[in-house]
Amino acid sequence: MVKPLVSIIMGSDSDLNIMQEAGKVLKEFNVPFEITIVSAHRTPKRLVEFSENAHKKGVQVIIAGAGGAAHLPGMVAAISPLPVIGVPVKSSNSLDGWDSILSILQMPGGVPVATVALNNAKNAGLLAVQILSVADNKLRDKLISYKSKLSSDVMKKLERVEKSLD
Ligand code: RP5
């Protein structure tokens, strides 16, 4: 079995709909990953165990998503030496998403969490690929192609818009 390079963790199975978007990106870039539930509040011992051991099993980047009082990414970052990307999730217990955004974003000095936009697990997946690409030229080439596709897609839309205005 291939060892995961990225670990996607989330506070609850109710975050899966959002967090699976990170998995789709990693699949697209052929990056091995695992996806699992680690709850800061409901399984605190599992959180500590996960955070102390992720790097020992070869994981290089952690993506952590949670909603409401979202302590998961920050607590993992407090323990693990790996880069942690935080995904604020607008969950059922979230007032309006800001609670989750601020819990993940406003980390104290010394414990960074790279926070993406609300529900934007796709960007978390891409950022993980970008971090891994620093030491992987093939991944870097794929990212260059990905970016040129973003650009050509916009140019096609532009063409369509211009034609419709003719
Ligand atoms: C958070 O509480 C989870 O990350 C989830 O976003 C939210 C709600 O969890 P459930 O009550 O749906 O399990 O800890």
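**Reading the ligand site and an aromatic pair**

Colleague: A polar side-chain atom of Asp 15 lies 2.6 Å from an oxygen atom of the ligand. How is a polar contact to be read?

Modeller: A polar contact is a pair of N or O atoms within 3.5 Å; within protein, one must be able to donate a hydrogen and the other to accept it, and residues adjacent in sequence count only if both atoms are side-chain atoms. This is a predicted model, in which local features need pLDDT of at least 70 and side-chain atom pairs count only at pLDDT 80 or more, while totals for chains, interfaces and linings use all residues. Residues are numbered from 1 along each chain as its sequence is written, and side-chain values use heavy atoms, without hydrogens and water.

Colleague: What is the distance from the side chain of Ser 12 to the ligand?

Modeller: An N or O atom in the Ser 12 side chain is 2.6 Å from an oxygen atom of the ligand. Gly 67 takes part through its backbone, where a polar atom is 3.1 Å from a ligand oxygen. Of the 360 Å² of accessible area that the ligand has on its own, the protein covers 79% (Shrake-Rupley method, 1.4 Å probe; for residues, only the protein chains shown count as cover).

Colleague: Which residues are around the ligand?

Modeller: A residue is near a molecule if one of its heavy atoms lies within 4 Å of it. Here the residues are Gly 11, Ser 12, Ser 14, Asp 15, Arg 42, Ala 66, Gly 67, Ser 91 and Asn 93.

Colleague: How many aromatic pairs does the whole structure hold?

Modeller: Rings of Phe, Tyr and Trp (its six-membered ring) pair if their centres lie within 6.5 Å; planes under 30 degrees apart are stacked, over 60 edge-to-face and the rest tilted. The search finds one pair. The ring centres of Phe 29 and Tyr 146 are 5.7 Å apart with planes at 55°, so this pair is tilted. Phe 29 lies in the loop between α1 (16-28) and β2 (33-37), and Tyr 146 in helix α6 (residues 137-165), 117 residues apart.

Colleague: How many helices and strands are there in the protein chain?

Modeller: The chain has six helices and five strands (DSSP runs numbered from the N terminus: helices H or I, at least four residues; strands E, at least two).
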